[in-house]
Every structure is written in structure tokens, then in C-alpha cells.
Amino acid sequence: MRFNRRRAALLATIPLAALSLTALPATAASAPAATVSRYVPLAGTSADATAARNAGCEEGKTGRGGVRILFFGTQEKNNVLRHPGTRADSSTPRVPAAQAAAFAAQWAEGFTSCRTGTAQAILALGVNNKSDGGVGGADAGRAWARVVEDAAKTVPAGPVSIAAAFDAEPVWSDRAWARGWVDAFTGATSRTLYAANSADGCPGYGSSSTSCSNGWSLADLHYVATGADPSIRAIPQIYRTDGIQARQWAAISAWGARSGKGNVRFVGAMSQRKACEQRGGCSTTNNTPQAAWTQLYEELNSHSDTKVAELPYSTDMRWP
């Protein structure tokens with residue numbers, strides 16, 4: 001899910017002709033106020049205790065409840081993490097995965113000390129499905145469950161609850177790796193897993209195709225976003241300004257309804273407006289949080305088989 005120009009360019013090439021444009025949007029309810037989610041490279045001053053507390057404090061001051069996701073990058077062998085947005089040949093420092101739990105504890109302390117009103121935060125600790133780190137999907141999923149449980153032990157009962165997040169993107173691994181990760185994670189912990197996924201190459205609602213990029217299918221996207229376990233909640237990437245990604249997720253949810261697997265359990269939408277601004281701008285993938293949420297809500301409620309009663313969360317990605 002990280003922002004980079006190569007991925008933005010790839011998203012921009014998806015042909016409109018391959019996606020259904022026939023549905024008329026419903027009238028959306030008001031988008032919720034967006035929370036801030038972050039990419040967290042666990043090295044340097046952006047990852048120290050002060051930075052973590054300040055990040056939590058900023059969110060506490062808003063008085064907003066809801067989901068915040070901290071994305072720590074890619075899991076590698078020996079239980080270390082590689083910075084978000086980097087490849088296997090990157091020279092960036094690798095850090096022990098345990099540091100993610102420590103960062104989360106400091107974030108929670110900052111939120112609690114600065115919060116206004118009675119806001120309750122869900123802090124979801126996340127990684128991506130890049131399979132180039134020398135660790136299998138099942139092993140990586142179990143390892144991340146341990147990190148999340150360790151974080152939960154360090155955060156006292158109060159306004160911050162700990163959950164997990166997974167950024168599963170078809171272009172980053174084969175489907176078996178991602179399915180194995182989700183199965184292992186949900187088998188090791190009952191904590192909520194927020195699926196902040198993309199739907200690379202998937203068709204839009206109304207298409208007869210079920211194929212997505214890299215050998216994935218609608219069934220695979222549904223599985224890692226809902227089907228694998230009742231603890232999973234979907235808060236997908238809706239970055240594109242033309243609404244294609246909302247139509248893709250409507251197609252995934254409709255596939256679940258038709259197949260007897262159930263609709264995708266959507267809880268919100270994710271944008272990357274701030275991350276784009278921080279990195280010099282994006283072309284076509286810089287939805288505002290309100291636009292991202294509205295695209296998804298309207299698209300889902302344009303079809304009888306994908307309607308949702310509510311979509312409570314909106315979150316926008318930024319760098320530290």
C-alpha cells in the first residue's frame with residue numbers, strides 16, 4: 001500500500017473499458033471525519049519514543065474515535081522488518097519486529113494523555129504481503145500475531161485497543177502466500193484483522209471476468225478481506241480519483257454474495273492524500289479521504305447485492 005510513483009503509474013494504466021460504468025450512484029450519507037494512519041520506518045528519529053507519543057497525541061487531540069493503521073513494512077527472515085516502500089535489495093536498516101510493539105505502546109500513551117472527550121482508538125499494527133523477505137506466508141502470519149499480542153500486553157486497558165492490519169496486494173506475492181499468512185494469523189489470535197488491500201487488475205462490478213493480477217482471482221481477494229475468518233474487516237485502498245477501485249471492490253463483494261461466501265465486511269475506506277502531498281504529488285491516485293469514502297459507499301449502495309447499512313471509518317495515509 002505504500003505510495004510510490006511506479007505503483008501510481010501502474011494504477012493509472014487500468015483501462016476504463018475493462019470495468020463496468022453502468023451503475024448509477026446512490027446518494028451517500030456524510031463521510032466520517034478521517035483519522036490519520038502512518039507508514040513507520042522503524043529507524044531514526046521518526047521512530048523513537050518521542051515521535052511515537054507525538055503521533056498518538058496528535059490523534060488524541062482530534063477527539064475522533066476509529067481505526068488508525070501503523071504500517072511497518074515487510075517481514076523478513078529472522079523476525080526483522082524492512083522499511084515500508086522498499087525492495088529486498090534496499091540498504092535501509094532492518095529492525096527487530098518487536099520494535100513495532102514498542103512504538104505502538106508509546107503511540108497509545110500519547111493518545112491517552114492528549115485525547116479530548118471520550119474518543120476510543122483502534123490501533124492496528126500492519127505489514128504487507130511482499131514475499132521477497134525469505135519467510136513463508138504461514139510463518140510470517142504467525143510471527144505477526146505474536147507481535148500484535150505482545151503489543152496488546154503493553155497497552156493498558158483504556159481508550160486504545162490493539163488490532164492488526166494486512167496490506168495484501170496481488171502484485172506483491174502469489175495468492176497462496178497471502179492466503180497462508182491470513183490463515184496462520186487468524187489461527188494464532190482472535191484480534192481483529194483490518195484488510196487494507198488493493199485489488200490489482202480485478203474487474204469492476206458487472207464484468208463477467210473473475211481474474212485479477214498475478215494469478216489472483218476475485219475469490220482470493222474476498223478470502224483475504226473477509227472469507228478466511230470472522231475476525232477480518234475490510235478497509236480497502238480507494239486511491240483512484242476516477243472510482244475504478246470502488247467498482248473493483250463492489251465486484252469482489254458481489255462475487256461473495258453470488259458464491260454463498262457472504263458480502264465483504266466493509267468498515268471504511270483508505271486514501272493516501274497526505275502521503276501524496278508529502279512525496280511531491282500523485283497523478284490520479286490522490287483521492288481526498290471524503291472522496292475515497294464517498295466513492296466506495298455510493299458504489300456499494302448502487303447495487304442490490306452489495307448494499308451496506310454503514311461505513312463507519314475513513315483513514316488517510318501519511319509518512320511519519
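In which sense do strand S2 and strand S6 pair, and over how many bridges? Strand S2 (residues 66–71) and strand S6 (residues 121–128) pair in the parallel sense over six bridges. The model is predicted.

**Sheet**
- Eight strands form an open sheet with parallel pairing, in the order S9-S8-S7-S6-S2-S1-S11-S10.
- Strand S9 (232–234) and strand S10 (268–271) are at the edges with a single partner strand each, so one side of each has no neighbour in the sheet.
- From one strand to the next, the twist averages 30°.
- Within the pairing of S2 and S6, Val 67 is opposite Ile 122 in S6.
- Helix H5 (residues 175–188) packs on the sheet and touches S6, strand S7 (160–167), strand S8 (193–195) and S9. The direction of H5 makes about 160° with that of S7.
- Helix H9 (residues 289–300) also packs on the sheet, where it touches S10 and strand S11 (313–318). The direction of H9 makes about 140° with that of S10.

- S10 and S11 run parallel and are joined by four bridges; Met 270 has Thr 315 in S11 as its bridge partner.
- Both faces of S10 are covered, with Gly 268 and Met 270 buried on one side and Ala 269 and Ser 271 buried on the other.

**Gln 75**
- Gln 75 is in strand S3 (residues 74–76) and counts as buried because its relative accessibility is 6%.
- A polar atom of the Gln 75 side chain lies 2.8 Å from the backbone oxygen of Ala 140.
- The side chains of Gln 75 and Trp 181 are joined by a polar contact of 2.9 Å.
- Beyond its neighbours within four places in sequence, Gln 75 contacts residues including Val 80, Leu 81, Val 127 and Trp 144.

**Salt bridges**
- The count comes to 12 salt bridges.
- Glu 58 and Arg 38 meet through their side chains in a salt bridge (3.0 Å, N to O). Glu 58 is in helix H2 (residues 49–62) and Arg 38 in strand S1 (residues 35–39), 20 residues apart.
- Glu 58 is partly exposed at 45% relative accessible area, whereas Arg 38 counts as buried at 7%.
- Glu 76 and Arg 82 form a salt bridge (2.7 Å, N to O), and both are buried.
- Glu 76 also forms a salt bridge with Arg 94, with the closest N and O atoms 2.9 Å apart. Arg 94 lies in the loop between strand S4 (80–82) and strand S5 (95–96) and Glu 76 in strand S3, so this pair ties together parts 18 residues apart in sequence.
- Arg 94 is partly exposed, at 26% relative accessible area.
- A network of salt bridges links Glu 76, Arg 82, Arg 94 and Asp 132.

Terms used:
Residues are numbered from 1 along each chain as its sequence is written. This is a predicted model: local features need pLDDT of at least 70, side-chain atom pairs count only at pLDDT 80 or more; totals for chains, interfaces and linings use all residues. Side-chain values use heavy atoms; hydrogens and water are left out. Two strands pair if DSSP finds at least two bridges between them. Helices (H or I, at least four residues) and strands (E, at least two) are DSSP runs, numbered from the N terminus. Axes are lines fitted to C-alpha atoms, for helices over the stretch in contact, and angles run from 0 to 180 degrees between N-to-C directions. Contact means heavy atoms within 4.5 Å. Buried means under 20% relative accessible area, exposed over 50%, partly exposed in between (1.4 Å probe, protein chains only). A polar contact is a pair of N or O atoms within 3.5 Å; within protein, one must be able to donate a hydrogen and the other to accept it, and residues adjacent in sequence count only if both atoms are side-chain atoms. A salt bridge is a side-chain nitrogen of Lys or Arg within 4 Å of a carboxyl oxygen of Asp or Glu.
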